[in-house]
Structures are given as structure tokens and as C-alpha cells.
Amino acid sequence: MRPLSANTGMEILGVDLRDPLDDTAYGEIRTALVETGVIIFRGQQLEPAHHLAFAQRFGPVPDAEFLETVPGFPQIGLIQKAEHETCNVGGNWHSDHSFDPAPPLGSVLYAHELPPSGGDTMFANMTTAFDYLSDGLKDFLRGLRVIHSKANAAKADPRADRQPDAELKQRFAELAHRETSHPCVRPHPETGREILWINQNYTSRFDGWTEEESRPLLDQLIGHATRPENICRISWEPGMLAFWDNRTALHYALNDYHGMKRVMRRCVVSGDPVERGAP
Ligand SMILES: [Fe+2]
């Protein structure tokens with residue numbers, strides 16, 4: 001294994017993901033995932049069935065209901081930006097579906113068609129981000145809740161234009177109104193370490209505060225969490241697979257390749273409720 005930065009990310013070496021993982025390798029890989037937030041594998045040659053089987057080793061993989069999918073594999077969604085499009089999916093600091101009571105455990109992303117340059121992805125470790133706060137601010141934040149709202153996402157989402165039928169379009173529209181109150185600081189369900197559970201895209205305010213009151217502190221915390229010392233940046237290459245822990249890490253998909261096409265294949269691993277007793 002080789003760290004991608006001091007706090008965030010680990011490259012896993014010497015593994016062919018077409019082969020089943022034995023229990024020892026699986027345990028080491030899972031530990032690297034949950035502690036560093038993202039793991040990468042280079043030089044893979046994965047058919048969709050390999051990609052899906054690897055993801056399923058880590059938990060249930062639901063159908064990708066809001067994306068076009070790989071033919072024959074409803075669980076593998078296509079994250080894509082076409083030559084004529086200007087907005088991308090995930091172009092700011094976020095945790096996927098954090099507005100759900102039980103957001104995903106993580107996502108497994110495999111490069112399918114890459115632009116000649118650009119389209120990197122950045123990751124920030126939100127456990128080390130919390131560790132580096134002062135004791136006073138940690139205590140203050142432990143007492144707060146935050147509202148995560150799909151409607152807070154400011155940018156247009158190109159997936160909304162790609163819904164193939166009216167029913168899916170309607171469900172996508174309903175998703176736009178989903179919001180959930182979460183603790184601002186949550187324990188990681190596997191490591192027990194405290195996570196600063198906010199993000200730029202979906203966290204609209206502290207529960208009981210106005211958005212105007214919330215913005216300065218939320219912006220300060222995101223700036224703190226995403227400073228260069230706490231992130232890693234992945235430059236995609238053919239055959240690369242990245243798997244991020246959607247609890248530990250935020251991610252940011254750079255949108256710097258206009259006029260060029262990028263297609264990624266994604267499996268999402270289901271996660272547990274943020275709070276016990278939540279649906
Ligand atoms: Fe994302």
C-alpha cells in the first residue's frame with residue numbers, strides 16, 4: 001500500500017480485482033478505505049461483472065435508479081459528461097446523498113472513457129478535519145445538528161435532463177425536496193472516530209439557525225476541511241478504479257474538460273442509517 005497524501009487516500013498495490021479477495025486482503029483493504037477515505041487501484045481490466053462483484057464484497061449494491069446504466073447491469077450507473085455539456089456531476093465538495101437518513105457507505109468508480117487531460121477528483125478526510133479543530137469548537141459542534149437538503153445543491157444536474165421516462169423524471173423532481181436533520185458530528189460506524197458531517201453541496205444550515213446565520217461557520221469549516229494539507233487529488237488513467245468511503249470522505253469532481261467526453265462506471269454500496277432508530 002502507498003499513501004496518496006498525509007491524511008487522505010491510499011493506493012493498493014499488487015491486486016487484480018478480477019480475482020476474488022481472500023479474507024486477509026479484504027480486511028486490509030477495508031481498513032484502508034474507512035481510515036483514509038479513498039483507495040485506488042491502477043491497471044485493472046474489469047468487465048462490468050468484475051466491477052459489480054468487487055463492490056458487492058463490501059455490501060449490498062442497489063440499482064442505479066437515476067442514471068443510465070450499463071446494459072445488463074442495472075446496478076452500474078454511468079456518470080457522464082458529453083462534449084456539448086458544461087455542468088458535470090459532483091462539481092463541488094460533497095458526500096453522496098447526505099440528505100438521506102441512510103446515505104451510501106461508498107461508491108466504486110471505474111474509468112471508462114477519459115478526456116486527454118482534466119477530470120481529476122479530489123477527496124478530503126472529514127475525520128482528520130474534525131481532529132484538527134480546537135477542543136472548544138469540537139465541543140460546540142458536538143451539540144449541533146445540521147440540515148442536509150437536496151434543494152441546497154446550487155448547480156444544475158445534467159442527470160435531470162437524461163431521465164428516459166416521465167415516471168423517473170417525476171421521482172427525480174421529488175428528490176429535489178428531500179432533506180434530513182443529522183448530527184453535525186457523527187461517529188464512523190466502523191472506526192468509531194468522529195466525522196465532521198457537513199458538506200458544501202447539501203448542508204444548508206444548522207438545525208434551528210437561519211441559512212444566513214449558518215453560512216459563515218459552514219464556509220469556515222469546509223475551508224478548514226479542504227485545505228491542501230487535508231486532501232488528495234486523483235488524476236484518472238485508463239484501468240483505474242477508486243472506492244471512497246462516503247462517511248469518512250468528501251469528494252469533488254473537477255469540471256475542467258469542456259468540449260471533451262468523460263464516462264465513468266459507478267456502483268454504490270448501501271450504508272447504515274446515520275442515527276440508530278432512523279428508517
Ligand atoms: Fe458524488
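Is histidine 251 buried or exposed? Histidine 251 is buried, at a relative accessible area of 4%; buried means under 20%, exposed over 50%, and partly exposed in between, with a 1.4 Å probe and protein chains only. This is a predicted model, where local features need pLDDT of at least 70, side-chain atom pairs count only at pLDDT 80 or more, and totals for chains, interfaces and linings use all residues. Residues are numbered from 1 along each chain as its sequence is written, and side-chain values use heavy atoms, leaving out hydrogens and water.

Aspartate 96 sits in the loop between β5 (73-81) and β6 (106-113), and histidine 251 in strand β15 (residues 249-253), so the pair ties together parts 155 residues apart in sequence. Aspartate 96 is buried too, at 9% relative accessibility.

Histidine 97 belongs to the loop between β5 and β6. Its phi is positive, near 55 degrees. Most residues other than glycine have a negative phi. Histidine 97 is partly exposed, at 25% relative accessibility.

Now the whole fold. The protein has 6 helices and 16 strands. These are DSSP runs numbered from the N terminus: helices are H or I, at least four residues, and strands are E, at least two. Buried residues make up 53% of the 279. The C-alpha trace spans about 50 × 45 × 40 Å along its principal axes.
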